Every structure is written in structure tokens, then in C-alpha cells.
Amino acid sequence: MARPGTAAEPLRVAVVGAGPTGYYAAEALFKNERGVVVEVDVYDRLPTPYGLVRAGVAPDHQKIKAVTAAFDKVAANPRFRFFGGVEFGKDLMLGDLRAHYHQIVYCTGAQTDRRMGIPGEDLQGSHPATEFVAWYNGHPDYRDYGFDLSQERAAVVGVGNVAIDVARILCRSPEELATTDIADHALEALRKSRVKEVYLLGRRGPAQAAFTNPEIKEIGELADAEVIVRPEEVELDPLSRASLDKSQDRATLKKVEILQGYALRKPAGRSRRLIVRFLVSPVELTGDAAGRVVAMRLVRNELYATATGALQPRATTQFEALPVGLVFRSVGYRGVPLPGVPFNESWGVILNEKGRVLDPDTKQPIVGEYTAGWIKRGPSGVIGTNKPDAAETVTCMLEDLAQGAVLQPAHPAAAAAEALVRQRTPHCLSYADWLRLNALEVSRGRAQGRPRVKFTRVEEMLQALGR
Amino acid sequence: MDIAGILATKGEKAHTVRPEQAIREALALLARHNVGALIVVEGSGRPVGILSERDIVREATHDETLFGRKVADIMTRDVITGAPHDDLLTVAHTMIEKRVRHLPVVDKGRLVGIVSIGDVLKAQRDQYQGELDTLQTQLLSDDARRGR
């Protein structure tokens, strides 16, 4: 049997997930240096593409969203197709993909949050930060979520960039938010917000905080909120000092310098206060009779060095109480298993080696199945980190193709896959549909001086497209 | 990024050998798995040492009967181990400074994997490449907006 990858018989690849990694995988497949002709069908369970660039990146970070122009270029390849609103494991099963494609790549990201594992975590008013993020970004699944913004004090657990996004959005003035593409329902709710104090809680010290320097600098430049840092908490402990003296890591030195600068600031009397705390961990959330969170018990941590010299937190016996009515946990994302796809529980990823999905029993690659991005390596890095990651997976895919180790689909024609998808999900969106929807969102935004006004319900999207 | 991110794309476990096995068997394992080191574990799964190509080469220069000896005789006992949440930057630094090529990763006393200096450098390279790509995209978009 002839090996696929020619103009007459292209290599047919299904990509599950239209986030950055899905595009990077498609791009690497199109740009392969072996002259293999590839057709890529990208599926997403949402009608809209771009994954976390649309639903995760903060609305006041439009510059980061500019990467979508590069994604659209990939999608302009005539061998690229998009099927939006088609869910793997529900609308299309693994068996369907195996019958229509030579190779399948799972790029579904890390869709859920890690838990803190402390008592009171599920009290009313305690939320995963990811839900708040999805809500203010207009993710249709979170359209009807509610957050009690009548509370005056909120805590965000974690000091990564997601945590800082949440804290910043809570501290932005309505005027600042009104020029972004934040979802209308969130803008409306945040206009009425009574939140005055937002705590960002880091379990380690300033030198170990995961947020990056542009983000930490930005919170010092908010229109109507001031950032407050305790001088004693940004003073470097001896272990951090020694480690930094040795590494001379410039980004970390700068981070510490910015934070120490905040500690010197005088109160400016702004409406909101963003208080960044270090070396504290929540050990319990306490609630009132109605089951609403009213306070958080914190333990102070100290740092110790592991065998490799990495600095980790260890609880002391000093505790403090922090009255808060709203809690967002942002202690990391975690991947969700896909139906029928082997999962590695230890790391919360698809069981894989360099992107080849492995059989859990034999630990050998499963022919035709691959993974890339966060669901392959876990949530780390910036958007662009997924490009080399996807490239590694694609290299494996092309090596396997050269060995003849691909699926032998019963219906390899592009038209056969499309017919099946349209039969199962008559309302699925093509890339042309998406581009129309995008133009509509942008034009709605233009009237209000905003980058776009998002459609936040699937029915709304379909209606706008005249379906 | 932490070293769990490296282990995530390395399949399941590290390749291991028991202290009482013969060097001959260890060599076969190194060749079969195409790796440079084996973690030496006791019956309980607790890592007690590491056996690298270098350990074998060093010993072979003055003992030609080496193959029949036990792994425990020549393994390195004083092993630096990593934890899944150790950060990449610190680990890279320590491995280079202490000239460690293979780092067994232990979680709650249990061996959960091994990372090599090659793995660490590759992860760092990907991280830098990714940051560079993201920064370039943003700069280009600035240029586009200014009409350049």
C-alpha cells in the first residue's frame, strides 16, 4: 500500500483543540522539510478558535492576543480546515477519527485547576481562578456564572500570571476595562463591584514568584489602585540571596527590585488596594452559618533548599487570620483525561513520550496518536513555548510516517470526514464562519472604541451567522 | 517550569537495576534502553545509587573481570536527587556546577523518573525559544499598528 503524503493521497491529520498548540502543530506539519503533503482538520469543542488566547489571556493584554494574526496565516493554507463546536468524545469519537485520518494529535490544553486541598475550599465565595477568567473573557460555558462582587475583600491564592491577571482585573477601574474586549456581562458586574482590597498570596518569597516582570510592573501603574508590599516580606532571606548571588539571573534580580520599590511607596489614597503577600499559605477557609466564606487562616512559611538547591516552602507555627469574602485559587492548571486516551495521573497529562501517546500496559507508542502542548507536558511557559513543543511532536509524526507506522483509515477522503462532521453537528463553524463572526465582533467593538465586543453565547454566534 | 514538565514527556519511569545484579546485566540494560545511566534500586523501590557509563569505564580501565562483579561494587552511592517541583533554572545550575549528568527524581521516597542534563538543556532551550517567539510576535504587531 502506498504511503500517504503525496498530492494524490495526502497525509490526513486530525488536530483536537484549536488553541495555540493546534495551530503550531498544523504549521509545523505544513512546513515539513520532507515534502510530505499534509491536510489538517482542526476540531474544537467551542465554535470559536484560539483557545486560551481568546478565553484565558486577559482582556487588557491585547498585545499578547496579536499572535492570532499568525494563527490566521496558518489557517489560510488551503489544506487547513476548522470545525468549531465539535466535541471529541461526544460528537466525534476516537473510532470516527481513526476511520478518517492517518494521524491524530491531541492539543486540548489543561482545562481545569489544581485544588488547594484545604478545609473550606468549597465554601460559597471560593472559586477556581480559571472560572473567573473564563467568565470575564466570555467563554460560553461560564456565561451564567456569578461572583459576589459586593464583598470588599478578596484573596487570590497564587502568584503566577493568572493570579495576577485576576487581581488586576478586580482592581481596574470601569473606565480602564471599558476600552478592552472584556465580556459585556463581566464589565457590567465589575462596574458595580465593591471590592476594595485584593490580596495576592505567594507561598514562597519574591525571588521564587512565578509572575513575570511586565506583569508585576503593570500592577504598579493602575489608574485607581495602589500596590502595597510589606518591606520585611520582600527582603531576601539568606537562601534566596545566596541562590541569586550565584545565578545572577537578571529577570529575578529585576523582579525583586520592582517589589522592593513597591515596599517604599507611600499610600496614595486610591480607591482600591492590591496587597501582595509572600511566604504565606492558606490552611483553612472559614465560613458563616450560611456557608459563605468569611475568612482565611494563613500559616507563615519559611524556605528550605532541596538537594538540587531549589527553594521550597515549609510551614512554621505562626498563623494569622485574613478576613475575606471572596477567594480565587490559582495554584496551577491541570489536564483533563480524554475518553479512550491513556492518561498519566502523576503529571496530569496524556501518557506520552516526546508526544507519542503510549499504551499504558506495554509503554509502547500507539500507532497514529500524538499529543502536544499543555496536555503533553503540563502547564508551563508562554504561548510561544508550545511552538517547539508542537514541532517535537510533528517530528515524531513524520518519522513514524517514514516507517509506515500510520493508521489505515477506511475513509481517507477529506469529503468523507466533512460529511460525517456535518451530519453529527449541523451547526459546526468553518474558518470562514469564524472570520465572519470575528469581523462582526470587531465592528461591534469599533462603535465603542473597543477591540471587539464578544459573542458569549453559542446561540448568539449562530444567530449572528444567520443559522 | 519545574522538572515534572520534563518527566511528563518521558513516558513512565526511569530504567533501574538492582544492586545485586551483575555489571554484565547492567550493560545489557544500558544498551537495550539506549541510556547513559541506570538508577540502582532496592527491592522496596528505594533508590540507593546510580550506575553510569562513566562508572563502568573508570572501573574497566583497571579491572578486566569487571563484568561479573555486582552493581553495588561500583555504583555511585552519593547521589543528588531532584523533586518534581524543583525549578528548571536551579536544577540546570546545580547539574552543571556539580557535573551531574543524570538526576533521579524522587517523590515521597519513591523514584518517579530521571532527567538528564540533555533533557534539562532542551527544556531550557524550548523555553527561551518560546519566549523569543512570543516577544517577536508582539513587536511585529506593534510595528503593524504603527503602519511600518
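Biologist: How many residues of chain B are in contact with chain A?

Modeller: Two residues count as being in contact if their C-beta atoms, placed from the backbone, lie within 7 Å. In this predicted model, 32 residues of chain B are in contact with 38 residues of chain A.

Biologist: What is the secondary structure of chain B, and in which order do its elements run?

Modeller: Chain B has six helices and five strands. Read from the N terminus, their order is α-β-α-β-β-α-α-α-β-β-α.

Biologist: Is chain B compact or spread out?

Modeller: One compares the radius of gyration with the value from the globule rule. For the 148 residues of chain B the rule gives 15 Å, and the radius of gyration, 20 Å, is well over that; chain B is therefore more spread out than a compact globule. Along the principal axes, its C-alpha atoms fill a box of roughly 75 × 35 × 25 Å.

Biologist: What does the comparison give for chain A?

Modeller: Chain A has 18 helices and 20 strands. Its radius of gyration is 24 Å, close to the 23 Å that the globule rule gives for 467 residues, so chain A is as compact as a globular protein of that length. The C-alpha trace of chain A spans about 75 × 55 × 45 Å along its principal axes.

Biologist: How should I read a sheet, and what is the strand order of the open sheet in chain B?

Modeller: Strands of a sheet pair through backbone hydrogen bonds, and the pairing is either parallel or antiparallel. In chain B, an open sheet of three strands has the order β1-β2-β3, and its pairing is mixed. At the edges are β1 (16-17) and β3 (47-52) of chain B, each of which pairs on one side only. Strand β2 (residues 37-41) of chain B runs antiparallel to β3(B), and five bridges join the two. Within this pair, B:Val40 has B:Gly49 of β3(B) as its bridge partner.

Biologist: At what angle do helices α1 and α15 of chain A pack?

Modeller: Helix α1 (residues 20-30) and helix α15 (residues 386-402) of chain A pack at about 50°, and their axes are 8 Å apart. Angles under 35 degrees count as roughly parallel and those from 65 to 115 as roughly perpendicular; α1(A) and α15(A) are therefore oblique to each other. Their crossing is right-handed. Among the residues that make the contact are A:Tyr24 and A:Ala28 of α1(A) and A:Ala390 and A:Val394 of α15(A). The contact of α1(A) with α15(A) comprises eight nonpolar, three polar and two charged residues.

Biologist: Is the crossing of α6(A) and α7(A) left-handed or right-handed?

Modeller: The crossing of α6(A) and α7(A) is left-handed. Helix α6 (residues 129-136) and helix α7 (residues 161-171) of chain A pack at an angle of about 55°, with axes 10 Å apart. These two helices, α6(A) and α7(A), are therefore oblique to each other.

Biologist: Which residues of α6(A) and α7(A) meet?

Modeller: From α6(A), A:Ala129, A:Phe132, A:Val133 and A:Tyr136 meet A:Val162, A:Ala163, A:Asp165, A:Val166 and A:Ile169 in α7(A). Eight residues of this contact are nonpolar, one is charged and none is polar.

Key:
Residues are numbered from 1 along each chain as its sequence is written. Chains are lettered from A and ligands numbered from 1 in the order in which they are written. This is a predicted model: local features need pLDDT of at least 70, side-chain atom pairs count only at pLDDT 80 or more; totals for chains, interfaces and linings use all residues. Axes are lines fitted to C-alpha atoms, for helices over the stretch in contact, and angles run from 0 to 180 degrees between N-to-C directions. Helices (H or I, at least four residues) and strands (E, at least two) are DSSP runs, numbered from the N terminus. Angles under 35 degrees count as roughly parallel, over 145 as roughly antiparallel, 65 to 115 as roughly perpendicular and the rest as oblique. A crossing is left-handed if the near helix is turned anticlockwise from the far one by less than a right angle, and right-handed if clockwise. Ala, Val, Leu, Ile, Met, Phe, Trp, Tyr, Cys and Pro count as nonpolar, Asp, Glu, Lys and Arg as charged, and the others, Gly among them, as polar. The radius of gyration is taken over C-alpha atoms; the globule rule is 2.2 Å times the number of residues to the power 0.38. Two strands pair if DSSP finds at least two bridges between them.
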